[in-house]
Amino acid sequence: MDEKHIRQKLLTELESLMGRSDRIDAHWQEAPPADWAELATHRENEEVIESLDERTRQQIVLIKQALRRMDAGEWNDCSNCGDEIRSARLEALPTTTLCVVCAEELENN
């Protein structure tokens with residue numbers, strides 16, 4: 001597993017998400033349209049943007065946490081049991097904090 005390559009992918013994704021977050025923040029600063037029809041459409045779009053904003057912020061947090069775990073040398077340690085998270089899982093889900101066994105247990109409960 002190439003941790004350096006995965007780190008770079010995470011940093012690239014983080015940069016993209018931060019840009020998206022900035023654009024969403026700018027959207028919230030815009031004045032709502034004065035036209036009633038446009039305002040109705042604007043309000044419908046705001047629900048979608050709220051959901052996108054929440055998901056974006058969650059992804060930013062997960063990536064930052066993964067990068068901190070990498071820096072601390074704990075990235076491949078399961079946060080639940082302490083066992084090593086397999087390389088294939090980390091390559092597929094670089095922000096995961098759980099090994100397969102713990103993730104399955106959590107999902108089944």
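Colleague: Leaving out residues up to four places away in sequence, what does leucine 17 touch?

Modeller: Keep in mind that this is a predicted model. With those sequence neighbours left out, leucine 17 touches Thr56, Gln59, Ile60 and Ile63.

Colleague: And where does leucine 17 sit, and is it buried or exposed?

Modeller: Leucine 17 lies in helix H1. It is buried, at a relative accessible area of 4%.

Colleague: Which other residues of H1 are buried?

Modeller: Besides Leu17, the buried residues of H1 are Ile6, Leu10, Leu14, Ser21, Ile24 and His27.

Colleague: What covers them?

Modeller: The cover over the buried residues of H1 includes H2 and helix H3, residues 87-92.

Colleague: How many residues does H1 have, and what's its reach?

Modeller: H1 runs over residues 3-29, which is 27 residues. From its first C-alpha to its last it reaches 39 Å, close to the 39 Å expected at 1.5 Å a residue.

Colleague: Let's see the H2 side. Where is threonine 56, and what does it touch beyond four places in sequence?

Modeller: Threonine 56 is in helix H2, residues 36-72.

Colleague: Why does threonine 56 count as buried?

Modeller: Because its relative accessibility is 0%, and anything under 20% is called buried.

Colleague: What about aspartate 53, buried or exposed?

Modeller: Buried, with a relative accessible area of 11%. Aspartate 53 lies in helix H2 as well. Setting aside neighbours within four places in sequence, it is in contact with Ile24 and Trp28.

Colleague: So how do H1 and H2 pack, in terms of angle and distance?

Modeller: They pack at an angle of about 150°, and their axes are 9 Å apart.

Colleague: Parallel or antiparallel?

Modeller: Roughly antiparallel, because angles over 145 degrees are counted that way. The crossing of H1 and H2 is left-handed.

Colleague: How far is glutamate 15 from isoleucine 60 in space?

Modeller: C-alpha to C-alpha, glutamate 15 and isoleucine 60 are 9.2 Å apart, while in sequence they are 45 residues apart.

Colleague: Now the loops. Where does aspartate 35 sit, and how exposed is it?

Modeller: Aspartate 35 is in the loop between H1 and H2. It is partly exposed, with a relative accessible area of 39%. Its C-alpha is 37 Å from that of glutamate 13, a residue 22 places away along the chain.

Colleague: Which loop holds isoleucine 85?

Modeller: Isoleucine 85 is in the loop between H2 and H3. At 0% relative accessibility, isoleucine 85 counts as buried.

Colleague: What does isoleucine 85 touch, skipping residues up to four places away in sequence?

Modeller: With those skipped, the contacts of isoleucine 85 are Trp75, Asn76, Asp77, Cys78, Leu90, Thr96, Thr97, Leu98 and Cys99. Separately, the C-alpha atoms of isoleucine 85 and valine 101 are 9.5 Å apart, and these two are 16 residues apart along the chain.

Colleague: There are cysteines in that list. How many disulfides does a search of the whole structure find?

Modeller: Zero, across the whole structure.

Colleague: Last one: are cysteine 78 and cysteine 99 buried or exposed?

Modeller: Cysteine 78 is buried, with a relative accessible area of 5%. Cysteine 99 is buried too, with a relative accessible area of 8%.

Key:
Residues numbered from 1 in each chain as written. Predicted model: local features only at pLDDT ≥ 70, side-chain atom pairs only at ≥ 80, totals over all residues. Heavy atoms only, no water. Disulfide = S-S within 2.5 Å. Buried < 20%, exposed > 50% of the residue type's maximum accessible area, 1.4 Å probe, protein only. Helix = DSSP H or I, 4+ residues; strand = E, 2+ residues; numbered from the N terminus. Expected span 1.5 Å × (residues − 1). Contact = heavy atoms within 4.5 Å. Axes fitted to C-alpha atoms, helices over the stretch in contact; angles between N-to-C directions. Parallel < 35°, antiparallel > 145°, perpendicular 65-115°, else oblique. Left-handed = near helix turned anticlockwise from the far one by under 90°.
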